[in-house]
Amino acid sequence: MDIVYLNGEYLPLAEAKVSVLDRGFLFGDGVYEVIPAYAGRLFRLEDHIQRLNNSLNGIRLPLNYTVSDWEAIFLPLLDGGKDQYIYLQITRGYSPKRDHGFPQQTRPTIFAMCSDILPFAGRINGIRAITMDDTRWQLCHIKAITLLGNILLRQEALDQGCAEAILVKNGQAIEGAASNLFAVVDGILLTPPKTNDILPGITRDVILELAKKHGIAHREDLISLEALHAASEIWVASSTREIVPVVELDGVSVGDGQPGPVWHAMDQLLQAYKKSLS
Ligand code: PDD
(Lines give C-alpha, C1' and ligand atoms only; values in the text may rest on other atoms or scores of the structure.)
Protein backbone atom coordinates (compact mmCIF):
# COMPACT_ATOMS: atom_id res chain seq x y z
CA MET A 1 0.00 0.00 0.00
CA ASP A 2 3.01 2.32 -0.42
CA ILE A 3 1.54 3.97 -3.49
CA VAL A 4 -2.04 5.23 -3.56
CA TYR A 5 -4.19 6.99 -6.13
CA LEU A 6 -5.53 10.47 -5.44
CA ASN A 7 -7.28 12.69 -8.00
CA GLY A 8 -5.36 11.51 -11.05
CA GLU A 9 -1.98 10.98 -9.40
CA TYR A 10 -0.12 8.02 -7.93
CA LEU A 11 1.61 9.10 -4.73
CA PRO A 12 3.35 7.58 -1.73
CA LEU A 13 0.72 7.15 0.98
CA ALA A 14 2.40 9.73 3.24
CA GLU A 15 2.11 12.37 0.52
CA ALA A 16 -1.56 11.82 -0.28
CA LYS A 17 -3.42 14.69 1.40
CA VAL A 18 -6.93 16.13 1.23
CA SER A 19 -8.22 19.42 2.61
CA VAL A 20 -9.89 19.54 6.01
CA LEU A 21 -12.68 21.33 4.14
CA ASP A 22 -13.32 18.21 2.04
CA ARG A 23 -17.00 17.30 2.45
CA GLY A 24 -15.98 13.71 3.11
CA PHE A 25 -14.14 14.89 6.23
CA LEU A 26 -16.73 17.45 7.35
CA PHE A 27 -19.98 15.63 6.52
CA GLY A 28 -19.14 12.05 5.56
CA ASP A 29 -20.51 13.15 2.17
CA GLY A 30 -19.29 10.35 -0.06
CA VAL A 31 -19.46 6.71 -1.07
CA TYR A 32 -17.01 3.81 -1.30
CA GLU A 33 -16.35 0.38 -2.73
CA VAL A 34 -14.32 -2.59 -1.58
CA ILE A 35 -13.24 -4.71 -4.56
CA PRO A 36 -11.27 -7.92 -4.03
CA ALA A 37 -8.50 -8.98 -6.40
CA TYR A 38 -7.29 -12.56 -6.46
CA ALA A 39 -3.87 -13.21 -8.00
CA GLY A 40 -3.94 -9.73 -9.50
CA ARG A 41 -7.42 -10.07 -11.05
CA LEU A 42 -10.22 -7.81 -9.92
CA PHE A 43 -13.19 -9.92 -8.82
CA ARG A 44 -16.62 -9.08 -10.33
CA LEU A 45 -15.42 -5.61 -11.27
CA GLU A 46 -18.47 -4.81 -13.43
CA ASP A 47 -20.79 -5.60 -10.52
CA HIS A 48 -18.81 -3.45 -8.12
CA ILE A 49 -18.80 -0.53 -10.57
CA GLN A 50 -22.53 -0.93 -11.16
CA ARG A 51 -23.10 -0.74 -7.41
CA LEU A 52 -20.74 2.25 -7.21
CA ASN A 53 -22.75 4.05 -9.89
CA ASN A 54 -25.96 3.26 -8.00
CA SER A 55 -24.41 4.70 -4.83
CA LEU A 56 -23.17 7.80 -6.69
CA ASN A 57 -26.61 8.34 -8.24
CA GLY A 58 -28.12 7.79 -4.78
CA ILE A 59 -26.16 10.77 -3.43
CA ARG A 60 -26.62 12.82 -6.61
CA LEU A 61 -22.95 12.70 -7.61
CA PRO A 62 -22.92 10.85 -10.93
CA LEU A 63 -19.49 10.37 -12.56
CA ASN A 64 -18.64 9.52 -16.15
CA TYR A 65 -16.11 6.73 -15.66
CA THR A 66 -16.38 3.46 -17.52
CA VAL A 67 -15.44 0.08 -16.06
CA SER A 68 -12.21 0.25 -18.13
CA ASP A 69 -11.43 3.72 -16.74
CA TRP A 70 -11.67 2.34 -13.22
CA GLU A 71 -9.70 -0.76 -14.11
CA ALA A 72 -6.90 1.41 -15.52
CA ILE A 73 -6.81 3.34 -12.22
CA PHE A 74 -6.77 0.22 -10.04
CA LEU A 75 -4.35 -2.09 -11.88
CA PRO A 76 -1.14 -0.16 -11.04
CA LEU A 77 -2.05 -0.44 -7.34
CA LEU A 78 -2.19 -4.25 -7.36
CA ASP A 79 0.74 -6.48 -6.54
CA GLY A 80 0.27 -9.55 -8.78
CA GLY A 81 0.43 -12.71 -6.70
CA LYS A 82 -1.42 -11.83 -3.50
CA ASP A 83 -5.07 -11.70 -2.46
CA GLN A 84 -5.78 -8.03 -2.08
CA TYR A 85 -8.59 -5.50 -2.21
CA ILE A 86 -9.01 -2.05 -3.62
CA TYR A 87 -10.62 0.50 -1.34
CA LEU A 88 -12.15 3.28 -3.43
CA GLN A 89 -13.64 6.39 -1.88
CA ILE A 90 -15.33 9.25 -3.68
CA THR A 91 -16.47 12.35 -1.82
CA ARG A 92 -18.26 15.50 -2.97
CA GLY A 93 -14.85 17.15 -2.63
CA TYR A 94 -13.50 20.41 -1.33
CA SER A 95 -15.75 23.38 -0.84
CA PRO A 96 -14.45 26.73 0.54
CA LYS A 97 -17.38 27.03 2.92
CA ARG A 98 -18.96 24.51 5.30
CA ASP A 99 -22.57 24.39 4.20
CA HIS A 100 -24.96 21.43 4.31
CA GLY A 101 -26.27 22.25 0.81
CA PHE A 102 -24.23 21.03 -2.14
CA PRO A 103 -21.52 23.44 -3.37
CA GLN A 104 -22.22 25.24 -6.67
CA GLN A 105 -19.21 23.64 -8.30
CA THR A 106 -18.30 20.10 -7.42
CA ARG A 107 -14.89 18.53 -7.92
CA PRO A 108 -15.12 15.10 -6.36
CA THR A 109 -12.19 13.74 -4.42
CA ILE A 110 -11.27 10.29 -5.76
CA PHE A 111 -9.03 8.12 -3.64
CA ALA A 112 -8.00 4.48 -4.10
CA MET A 113 -5.61 2.25 -2.21
CA CYS A 114 -4.77 -1.42 -2.16
CA SER A 115 -4.45 -3.63 0.94
CA ASP A 116 -3.76 -7.31 1.49
CA ILE A 117 -6.69 -9.52 2.38
CA LEU A 118 -5.62 -11.06 5.68
CA PRO A 119 -6.82 -14.59 6.43
CA PHE A 120 -9.77 -14.47 8.85
CA ALA A 121 -9.74 -17.42 11.24
CA GLY A 122 -13.50 -17.09 11.80
CA ARG A 123 -14.11 -18.18 8.22
CA ILE A 124 -12.92 -21.68 9.09
CA ASN A 125 -13.76 -21.96 12.79
CA GLY A 126 -16.96 -19.96 12.84
CA ILE A 127 -17.75 -16.86 14.85
CA ARG A 128 -20.04 -15.72 17.63
CA ALA A 129 -22.64 -13.10 16.78
CA ILE A 130 -25.31 -11.13 18.59
CA THR A 131 -28.57 -9.68 17.32
CA MET A 132 -29.06 -5.95 17.77
CA ASP A 133 -31.65 -3.38 16.78
CA ASP A 134 -30.73 -1.75 13.46
CA THR A 135 -30.11 1.86 14.46
CA ARG A 136 -28.86 2.97 11.03
CA TRP A 137 -30.62 5.21 8.52
CA GLN A 138 -33.10 4.33 5.78
CA LEU A 139 -30.74 4.33 2.79
CA CYS A 140 -28.60 1.31 3.58
CA HIS A 141 -28.49 0.29 -0.11
CA ILE A 142 -26.08 3.21 -0.67
CA LYS A 143 -22.50 2.28 0.20
CA ALA A 144 -21.99 5.55 2.06
CA ILE A 145 -18.79 6.41 3.92
CA THR A 146 -21.02 7.66 6.75
CA LEU A 147 -20.59 4.44 8.73
CA LEU A 148 -21.02 5.57 12.33
CA GLY A 149 -24.16 3.44 12.79
CA ASN A 150 -22.38 0.33 11.51
CA ILE A 151 -19.25 1.07 13.54
CA LEU A 152 -21.09 1.48 16.84
CA LEU A 153 -23.00 -1.75 16.28
CA ARG A 154 -19.88 -3.72 15.32
CA GLN A 155 -17.99 -2.37 18.33
CA GLU A 156 -20.82 -3.32 20.69
CA ALA A 157 -20.61 -6.86 19.26
CA LEU A 158 -16.83 -6.91 19.72
CA ASP A 159 -17.20 -5.64 23.29
CA GLN A 160 -19.45 -8.65 23.96
CA GLY A 161 -16.88 -11.12 22.58
CA CYS A 162 -18.66 -11.47 19.22
CA ALA A 163 -17.28 -10.88 15.74
CA GLU A 164 -20.46 -9.52 14.16
CA ALA A 165 -23.75 -7.84 15.01
CA ILE A 166 -26.77 -9.18 13.14
CA LEU A 167 -29.18 -6.31 12.70
CA VAL A 168 -32.90 -6.60 13.31
CA LYS A 169 -35.49 -4.25 11.83
CA ASN A 170 -39.23 -4.63 12.43
CA GLY A 171 -38.70 -8.13 13.81
CA GLN A 172 -36.68 -9.29 10.76
CA ALA A 173 -32.96 -10.10 10.74
CA ILE A 174 -31.65 -8.22 7.72
CA GLU A 175 -27.84 -8.12 7.53
CA GLY A 176 -24.67 -7.81 9.55
CA ALA A 177 -22.93 -4.56 10.55
CA ALA A 178 -20.56 -5.14 7.60
CA SER A 179 -21.91 -8.27 5.91
CA ASN A 180 -24.99 -9.86 4.35
CA LEU A 181 -26.95 -12.53 6.16
CA PHE A 182 -27.81 -16.12 5.18
CA ALA A 183 -29.61 -18.78 7.21
CA VAL A 184 -30.53 -22.39 6.55
CA VAL A 185 -34.11 -22.81 7.76
CA ASP A 186 -35.95 -26.11 7.24
CA GLY A 187 -33.21 -27.13 4.79
CA ILE A 188 -33.55 -24.02 2.62
CA LEU A 189 -30.87 -21.38 2.30
CA LEU A 190 -32.51 -18.00 2.92
CA THR A 191 -31.25 -14.47 2.50
CA PRO A 192 -33.30 -11.28 2.83
CA PRO A 193 -34.34 -9.66 -0.49
CA LYS A 194 -32.62 -6.54 -1.79
CA THR A 195 -34.36 -3.46 -0.41
CA ASN A 196 -33.16 -0.08 0.83
CA ASP A 197 -32.65 -1.75 4.21
CA ILE A 198 -29.52 -3.65 3.15
CA LEU A 199 -26.40 -3.26 1.09
CA PRO A 200 -26.73 -5.33 -2.09
CA GLY A 201 -23.58 -7.38 -1.50
CA ILE A 202 -21.59 -8.77 -4.39
CA THR A 203 -20.65 -11.87 -2.36
CA ARG A 204 -24.39 -12.33 -1.72
CA ASP A 205 -25.04 -12.34 -5.49
CA VAL A 206 -22.26 -14.88 -6.07
CA ILE A 207 -23.64 -17.19 -3.36
CA LEU A 208 -27.13 -17.08 -4.89
CA GLU A 209 -25.71 -17.77 -8.37
CA LEU A 210 -23.71 -20.75 -7.06
CA ALA A 211 -26.75 -22.09 -5.17
CA LYS A 212 -28.80 -21.91 -8.35
CA LYS A 213 -26.13 -23.49 -10.54
CA HIS A 214 -25.45 -26.35 -8.13
CA GLY A 215 -29.01 -27.14 -7.09
CA ILE A 216 -28.82 -25.93 -3.48
CA ALA A 217 -32.36 -25.11 -2.35
CA HIS A 218 -32.53 -21.39 -1.72
CA ARG A 219 -34.91 -18.43 -1.57
CA GLU A 220 -34.68 -14.67 -1.17
CA ASP A 221 -37.05 -14.14 1.73
CA LEU A 222 -37.41 -12.38 5.04
CA ILE A 223 -35.85 -14.09 8.05
CA SER A 224 -37.73 -13.37 11.26
CA LEU A 225 -35.72 -13.17 14.47
CA GLU A 226 -37.58 -16.29 15.56
CA ALA A 227 -36.61 -18.18 12.39
CA LEU A 228 -33.01 -17.04 12.79
CA HIS A 229 -32.88 -18.45 16.30
CA ALA A 230 -34.22 -21.78 14.98
CA ALA A 231 -31.89 -21.91 11.93
CA SER A 232 -29.62 -24.93 11.52
CA GLU A 233 -26.93 -22.71 9.94
CA ILE A 234 -26.27 -18.97 9.88
CA TRP A 235 -23.62 -17.26 7.73
CA VAL A 236 -22.46 -13.72 7.19
CA ALA A 237 -20.86 -12.83 3.85
CA SER A 238 -18.63 -10.05 2.58
CA SER A 239 -15.87 -9.43 0.06
CA THR A 240 -12.96 -9.41 2.48
CA ARG A 241 -14.05 -12.28 4.78
CA GLU A 242 -16.05 -14.33 2.26
CA ILE A 243 -18.59 -16.71 3.82
CA VAL A 244 -18.30 -16.90 7.58
CA PRO A 245 -20.33 -19.44 9.57
CA VAL A 246 -21.94 -18.17 12.78
CA VAL A 247 -21.65 -21.00 15.31
CA GLU A 248 -23.12 -19.16 18.30
CA LEU A 249 -25.92 -16.60 18.25
CA ASP A 250 -26.96 -14.65 21.33
CA GLY A 251 -25.03 -17.08 23.52
CA VAL A 252 -26.70 -20.22 22.09
CA SER A 253 -25.09 -22.73 19.70
CA VAL A 254 -26.29 -22.65 16.11
CA GLY A 255 -27.01 -26.25 15.02
CA ASP A 256 -24.36 -28.42 16.67
CA GLY A 257 -22.08 -25.44 17.23
CA GLN A 258 -19.87 -26.26 14.23
CA PRO A 259 -19.83 -24.87 10.67
CA GLY A 260 -22.62 -26.79 8.93
CA PRO A 261 -22.75 -28.96 5.79
CA VAL A 262 -24.36 -26.33 3.56
CA TRP A 263 -21.64 -23.85 4.53
CA HIS A 264 -18.95 -26.46 3.72
CA ALA A 265 -20.49 -27.06 0.31
CA MET A 266 -20.89 -23.37 -0.48
CA ASP A 267 -17.43 -22.43 0.76
CA GLN A 268 -15.92 -25.08 -1.53
CA LEU A 269 -17.98 -23.82 -4.47
CA LEU A 270 -16.84 -20.26 -3.84
CA GLN A 271 -13.17 -21.25 -3.58
CA ALA A 272 -13.45 -23.25 -6.82
CA TYR A 273 -15.22 -20.34 -8.54
CA LYS A 274 -12.48 -17.89 -7.48
CA LYS A 275 -9.82 -20.29 -8.79
CA SER A 276 -11.62 -20.68 -12.10
CA LEU A 277 -11.30 -16.93 -12.69
CA SER A 278 -7.57 -16.62 -12.04
N1 PDD B 1 -18.60 -4.23 3.68
N2 PDD B 1 -23.57 -5.22 4.12
C3 PDD B 1 -22.80 -4.26 4.67
C4 PDD B 1 -23.41 -3.30 5.62
C5 PDD B 1 -21.42 -4.19 4.34
O6 PDD B 1 -20.66 -3.21 4.88
C7 PDD B 1 -20.86 -5.16 3.46
C8 PDD B 1 -19.42 -5.14 3.06
C9 PDD B 1 -21.71 -6.13 2.91
C10 PDD B 1 -21.21 -7.17 1.94
O11 PDD B 1 -20.98 -6.64 0.65
P12 PDD B 1 -19.91 -7.26 -0.34
O13 PDD B 1 -20.20 -8.70 -0.46
O14 PDD B 1 -20.10 -6.55 -1.61
O15 PDD B 1 -18.55 -7.02 0.28
C16 PDD B 1 -23.05 -6.14 3.27
C17 PDD B 1 -17.24 -4.00 3.22
C18 PDD B 1 -16.44 -5.22 3.01
C19 PDD B 1 -16.60 -2.95 4.11
O20 PDD B 1 -17.30 -2.04 4.49
O21 PDD B 1 -15.39 -3.01 4.34
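Reader: Does T109 count as buried or exposed, and at what relative accessibility?

Author: Start with the general idea. Buried means under 20% relative accessible area, exposed means over 50%, and partly exposed is in between, with a 1.4 Å probe and protein chains only. T109 has 8% relative accessibility, so T109 counts as buried. One caution: this is a predicted model, where local features need pLDDT of at least 70, side-chain atom pairs count only at pLDDT 80 or more, and totals for chains, interfaces and linings use all residues. Residues are numbered from 1 along each chain as its sequence is written, and side-chain values use heavy atoms, with hydrogens and water left out.

Reader: Where is T109 found?

Author: T109 is in strand β6 (residues 109-116). Helices (H or I, at least four residues) and strands (E, at least two) are DSSP runs, numbered from the N terminus.

Reader: Which side chain does the side chain of T109 make a polar contact with?

Author: A polar contact is a pair of N or O atoms within 3.5 Å. Within protein, one atom must be able to donate a hydrogen and the other to accept it, and residues adjacent in sequence count only if both atoms are side-chain atoms. Here the partner is the side chain of D22, at 2.5 Å.

Reader: How many aromatic pairs are there?

Author: Rings of Phe, Tyr and Trp (its six-membered ring) pair if their centres lie within 6.5 Å. Planes under 30 degrees apart count as stacked, over 60 as edge-to-face, and the rest as tilted. That rule gives seven aromatic pairs. One of them is F43 with Y273: edge-to-face, 5.9 Å centre to centre, with 75 degrees between the planes. This pair links distant parts of the chain, 230 residues apart. F43 is in the loop between β4 (41-42) and α2 (45-58), while Y273 is in helix α8 (residues 261-277).

Reader: What kind of pair do W70 and F74 form?

Author: A stacked one, with centres 5.9 Å apart and planes at 20 degrees. W70 and F74 are four residues apart in helix α3 (residues 67-74), so about one helical turn separates them. Both W70 and F74 are buried.

Reader: Which residue lies over the face of Y38?

Author: A charge sits over a ring if NZ of Lys or CZ of Arg is within 6 Å of the ring centre and within 35 degrees of the ring normal. K274 lies over Y38, at 4.3 Å from the ring centre. R92 lies over the face of F102, at 3.6 Å.

Reader: Which residues come nearest to the ligand?

Author: A residue is near a molecule if one of its heavy atoms lies within 4 Å of it. There are 20 residues around the ligand, and Y32, R51, E175, T203 and S239 come nearest. A polar side-chain atom of R51 lies 2.8 Å from a ligand oxygen atom. An N or O atom in the side chain of E175 is 2.7 Å from a ligand nitrogen atom.

Reader: How many residues of α6 are buried?

Author: Nine of its 12 residues, so α6 is mostly covered. Among them are I202, T203 and R204. Just after α6, G215 takes a positive phi of about 65 degrees.
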